[in-house]
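Reader: Could you take me through one part of this model at close range? I would like to see the local detail before the overall picture.

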Amino acid sequence: MRENDRDAAVRRLLEQSPRPLPPEIHTEAVRRGARALRRRTLARRAMWLLLFAAAVAFTVWALTARPWVEPPSDTTPPLTGW
């Protein structure tokens with residue numbers, strides 16, 4: 001098929017009136033869209049909950065482990081009986 005033939009075929013398709021859609025397609029699309037929206041909302045809430053739980057777990061760990069404090073030295077014995 002040459003380029004001119006393809007152009008003519010596309011023009012014929014574009015000049016035709018669109019076919020009417022069955023009425024049940026609209027209700028099906030609305031139902032699927034609502035379901036997708038619910039799933040997306042649930043996933044977003046789960047991700048926020050996971051982020052909040054991770055932040056709480058990190059805070060509890062940081063307060064109990066205190067990684068910013070230098071650990072006591074175990075190599076030098078304490079000086080007693082001077």
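Author: Phe-58 and Trp-61 sit three residues apart in helix 2, so about one helical turn separates them. Helices here are DSSP runs of H or I with at least four residues, strands are E runs of at least two, and both are numbered from the N terminus. The structure holds one aromatic pair, and Phe-58 and Trp-61 form it, with 5.8 Å from centre to centre and 40° between the planes, a tilted arrangement. For that label, rings of Phe, Tyr and Trp (its six-membered ring) pair if their centres lie within 6.5 Å; planes under 30 degrees apart are stacked, over 60 edge-to-face, and the rest tilted. Phe-58 counts as exposed at 52% relative accessibility, while Trp-61 is partly exposed at 45%. The cut-offs are under 20% relative accessible area for buried, over 50% for exposed, and partly exposed in between, with a 1.4 Å probe and protein chains only.

A word on the ground rules. This is a predicted model, where local features need pLDDT of at least 70 and side-chain atom pairs count only at pLDDT 80 or more, whereas totals for chains, interfaces and linings use all residues. Residues are numbered from 1 along each chain as its sequence is written, and side-chain values use heavy atoms, leaving out hydrogens and water.

Helix 2 covers residues 24-65, 42 residues in total, and reaches 61 Å from its first C-alpha to its last, close to the 62 Å expected at 1.5 Å a residue. That expected span is 1.5 Å times one less than the number of residues. Just after helix 2 comes Arg-66, with a positive phi of about 45°, although Arg-66 is not a glycine. Most residues other than glycine have a negative phi. Arg-66 is partly exposed, at a relative accessible area of 44%.

Asn-4 belongs to helix 1 (residues 3-15) and is exposed at 58%. Its C-alpha is separated by 94 Å from that of Pro-77, 73 residues away along the chain.

Stepping back, the protein chain has two helices and zero strands. Its radius of gyration is 34 Å, well over the 12 Å that the globule rule gives for 82 residues, so the chain is more spread out than a compact globule. The radius is taken over C-alpha atoms, and the rule is 2.2 Å times the number of residues to the power 0.38. Along its principal axes, the C-alpha trace spans about 105 × 40 × 15 Å. Of the 82 residues, 1% count as buried.
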